[in-house]
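The following note sets out numbered remarks on a single-chain model. Please read each point alongside the coordinates.

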Amino acid sequence: MIDLKSIEIDDKNLFDEKINFSYLNSEASFANLYMWRKSSNTKYALINDSLVVFYTKSNGKMACCFPFSSTNLKNDVNIIKQYFDSLDRKFIMESVTEDNANTLKEIYKDNLIITECPNLNDYVYFSEKLINLSGKKLHAKRNHINKFKSMYEYKYQRITSDICNKCIEKANEWLLEKYSNADEDYIAEITALKEVFNNYDKLNLVGAMLTVNGEIIAFSVGEKLNNDTFVTHIEKADTNFHGSYTIMNNEFAKNECSAYKYINREEDMGIEGIRKAKLSYYPDKIIKKYRIEFKEK
């Protein structure tokens, strides 16, 4: 029987050891899994040598991620499927990258249903592109930044633990302009932000913010995903300041991501506005993700 455990902050070393900067998808990050664990009811289990994450989807169905650090994938997946069967639940494995989906197909042949999940695809860009914003296609981005600079005197600074509470307070203001405090999306998002900033040093994240007249008007937070990719987990800005998202993205890329070839800006979750914003930077790669199910016998 699989023994599911809640994810605690002290589990970071275990997750880091099992993930070991070896995956392309943005879910392969302890911080990502930790910050959303309450809204997704995220748990984990150790199965032989692998670490497997389980969670509850928005439709109430249970799902799992592809096993981290598996040395006997078929055996691990069989154990996971038996666990789903014991709960009388349908096996669902999501956020599986194309390479891993193909590996599973090689093992299980025609016994699988493999479905692409565009809402979960990661948008990946050359860091040089987001730093320089060169070319005709990104002309509008440069215009937004130039206009911002002409309108405001701003300061860029790294986020440190002593100002994390200010980031939470500011994000709460922005979220309450969009949601009521009883809205599930508000609760999930503010809870995730609190998890990040209340454990900022322990999560070993990189964050920075922009201020105008001493007030926070934007911030971003991310970390190393793998040896050539930085992943941005959080990007928030006050849209009352023209171009605030654009300049935050550019300044963060310049100051924190120049050592990496790529920047992964995560998925759009099927939200049209987010999808449009991420496509407007013309991604250089899309990390496609798939749902894996077993065919009914």
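In which helix does E251 lie? The answer is α11, which covers residues 244-256; helices (H or I, at least four residues) and strands (E, at least two) are DSSP runs numbered from the N terminus.

1. Basis of the note. The model is predicted, so local features need pLDDT of at least 70 and side-chain atom pairs count only at pLDDT 80 or more, whereas totals for chains, interfaces and linings use all residues. Residues are numbered from 1 along each chain as its sequence is written, and side-chain values use heavy atoms, with hydrogens and water left out.

2. With a relative accessibility of 8%, E251 counts as buried; buried means under 20% relative accessible area, exposed over 50%, and partly exposed in between (1.4 Å probe, protein chains only). Neighbours within four places in sequence set aside, E251 is in contact with Y154, Y156 and L210, where contact means heavy atoms within 4.5 Å.

3. Overall dimensions. The chain contains 12 helices and 14 strands. For 297 residues, a compact globule would have a radius of gyration near 19 Å, and the 20 Å of the chain agrees with this. The radius is taken over C-alpha atoms, and the globule rule is 2.2 Å times the number of residues to the power 0.38. The C-alpha trace spans about 65 × 40 × 35 Å along its principal axes. Of the 297 residues, 51% count as buried. Among contacts in the chain with a separation of 6 or more, 71% come from residues 24 or more positions apart.

4. The open sheet. What is the order of the strands in the open sheet? Its 7 strands follow the order β8-β9-β10-β11-β12-β7-β13, with mixed pairing; two strands pair if DSSP finds at least two bridges between them. At the edges are β8 (154-158) and β13 (285-287), each of which pairs on one side only. Neighbouring strands of this sheet are turned by 25° against each other on average, direction ignored; axes are lines fitted to C-alpha atoms, for helices over the stretch in contact, and angles run from 0 to 180 degrees between N-to-C directions.

5. Strand pairings. Strands β9 and β10 are antiparallel and share 7 bridges; V212 has E215 in β10 as its bridge partner. These two strands form a hairpin with 2 residues between them, and N213 in the turn has a positive phi of about 55°. Strand β10 is also joined to β11 by 8 bridges, again in the antiparallel sense, and S220 has E235 in β11 as its bridge partner. A hairpin with 2 residues between the strands is formed here as well. Strand β10 is largely enclosed by the rest of the structure, because 10 of its 12 residues are buried. Further along the sheet, β7 (residues 122-126) and β12 (residues 262-264) run antiparallel and are joined by 3 bridges, with V124 opposite N264.

6. Helices against the sheet. Helix α11 lies across β8, β9 (206-212), β10 (215-226), β11 (229-237) and β12, and runs at about 135° to β9. Helix α7 (residues 139-151) has 13 residues and reaches 19 Å from its first C-alpha to its last, close to the 18 Å expected at 1.5 Å a residue; the expected span is 1.5 Å times one less than the number of residues. The buried residues of α7 are K141, I145 and F148. Seen down the helix axis, these buried residues fall within an arc of 60°, so they line one face of α7; the arc is that of the directions from the helix axis to the C-beta atoms. Their cover includes β8, β9, β10 and α11.

7. Positive phi in loops. L133, in the loop between α6 (127-132) and α7, has a phi near 50°, a positive value in a residue other than glycine. L133 counts as buried at 3% relative accessibility. E266, in the loop between β12 and α12 (272-279), has a phi near 65°, also positive in a residue other than glycine. E266 is buried, with a relative accessible area of 11%.

8. A buried lysine. K12 is placed in helix α1 (residues 12-19) and is buried, with a relative accessible area of 13%. Not counting residues up to four places away in sequence, K12 touches F30, K202, L203 and N204. K12 and E173 are 161 residues apart in sequence and 30 Å apart in space, C-alpha to C-alpha.
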